[in-house]
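Visitor: Could you walk me through the terms used for this protein and how each one is decided?

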Amino acid sequence: NRLCFTFPRSVRLSYQGQARLLQQGNRYTLAPERPSSGDAAAEIASMRSLYREVPDHLSRRQRDLFEQSIALLKMAQVAPEDGPRSAGQILASLPPGNWNICWPRDATYSILALNRLKLFEESRRCLDFFANSRVGEFEKFLGHAYGISVCRYFGDGQEESDVNNHGPNVELDSFGLYLMAVCDYVERSGDRLWLESHRAWLDERIAGLIPYLRESNGLIRRESGPWEMHLPGRQHAWTAMVSSVGLQRYARLTNQPDHAQIALELQQAMQTHLLDERGLFKGYAEASPGDQDYYDGGTLEIFAQGLFPDLFERHLHEFSRVMQIRGRGYARLNQPGWYTWSEWPFLALRLAVAYRLNGQPERARPLLERITDYAALNHNLIPELYGRQDDNYGGSIPMIGYGAGAYILSLADGAP
């Protein structure tokens, strides 16, 4: 929290601001003034007066992490004064986390959390950022005009992706996720004016695109998926699921039965092409038992979204047999490598939601207690990873949508 400057010779230097200027020879240090306890208490009271949607039932540690998560959501959103092209986007992580970039996937969970907190202005600003962003760089790969980045964004709102020897990184889950965020915002805020002002764009470039992206087997065509595997890609369970959920909610919100039918057909295709004989939803349609990524942590989201509740226990039993780490949390994919084989707190947070939806809050409790207690020792920040062997924080720290946002969602509707 200090800025240090060293000059080749002594100079005269003055500074005005809420910091102390310390000099030692030709070395100058700006050190923040320590606020008094009264100032800190006043700031906390002010924040709590603005953000009143903190559940009453939380324990002290849960409340600390919940409130810190609200602050992180606010910190991760680019302010209006940073320019019309940049404003509103929500980063996936804050510096020094590597993922201080805007991904639609991570931002969706941030928007959903903001909606639960009734911070609708912040939600709308993020939705507007996506609606006003500049996309289309990968139209030749989609064969259709589209409205949301197929990967992420530069800071100025320009679509960004990457290419390797296999091909570009083209993810097709952004469209369903954005519809989920839009519908949740409109349903909770009542802002039908925003919906109607964007209706033509949503119909043509987002919702209307999803049916076009289906293959003959009913699933979304091969693409990079939520874990950013470059083309030629796979038919990912995650992408089929979020496309179905987003389109289903949009169909209900806008009274479009054709979209509702497509959503139902996507769910039927998931059961036909992704569900194995043990009741497990495999990670992608082309996978065979023994393949890498057959077990995919993204499939837990199927049940966090309330789909196929009668299959929850069978799926979880087989998934946990391979992917649970020492009886605690879960790895992302069954493939070697510290990153994918580490423990992902995000998966535990989403499984906690699934437990609650399935009427088993007592099974969610230890998952949330582990994350809450561990965060209490680490400045109330949630990381991307816990080390598989040493439990150390790893990956990007702190995570926003996959950390702060997911934590708020895990507790906002009632204590598990």
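Guide: Here are a few labels, each set against its rule. This is a predicted model, where local features need pLDDT of at least 70, side-chain atom pairs count only at pLDDT 80 or more, and totals for chains, interfaces and linings use all residues. Residues are numbered from 1 along each chain as its sequence is written, and side-chain values use heavy atoms, with hydrogens and water left out.

Visitor: Why is Glu318 called buried?

Guide: Buried means under 20% relative accessible area, exposed over 50%, and partly exposed in between (1.4 Å probe, protein chains only). Glu318 has 7% relative accessibility, so it counts as buried. Its salt-bridge partner is Arg321, at 2.7 Å, N to O. At 54%, Arg321 counts as exposed.

Visitor: Why is Arg61 called partly exposed?

Guide: Arg61 has 42% relative accessibility, so it falls in the partly exposed class.

Visitor: How do you know that the radius of gyration agrees with a compact globule?

Guide: The radius is taken over C-alpha atoms, and the globule rule is 2.2 Å times the number of residues to the power 0.38. For 416 residues a compact globule would be near 22 Å, and the protein chain has 23 Å, so the two agree.

Conventions. Salt bridge = Lys/Arg side-chain N within 4 Å of Asp/Glu carboxyl O.
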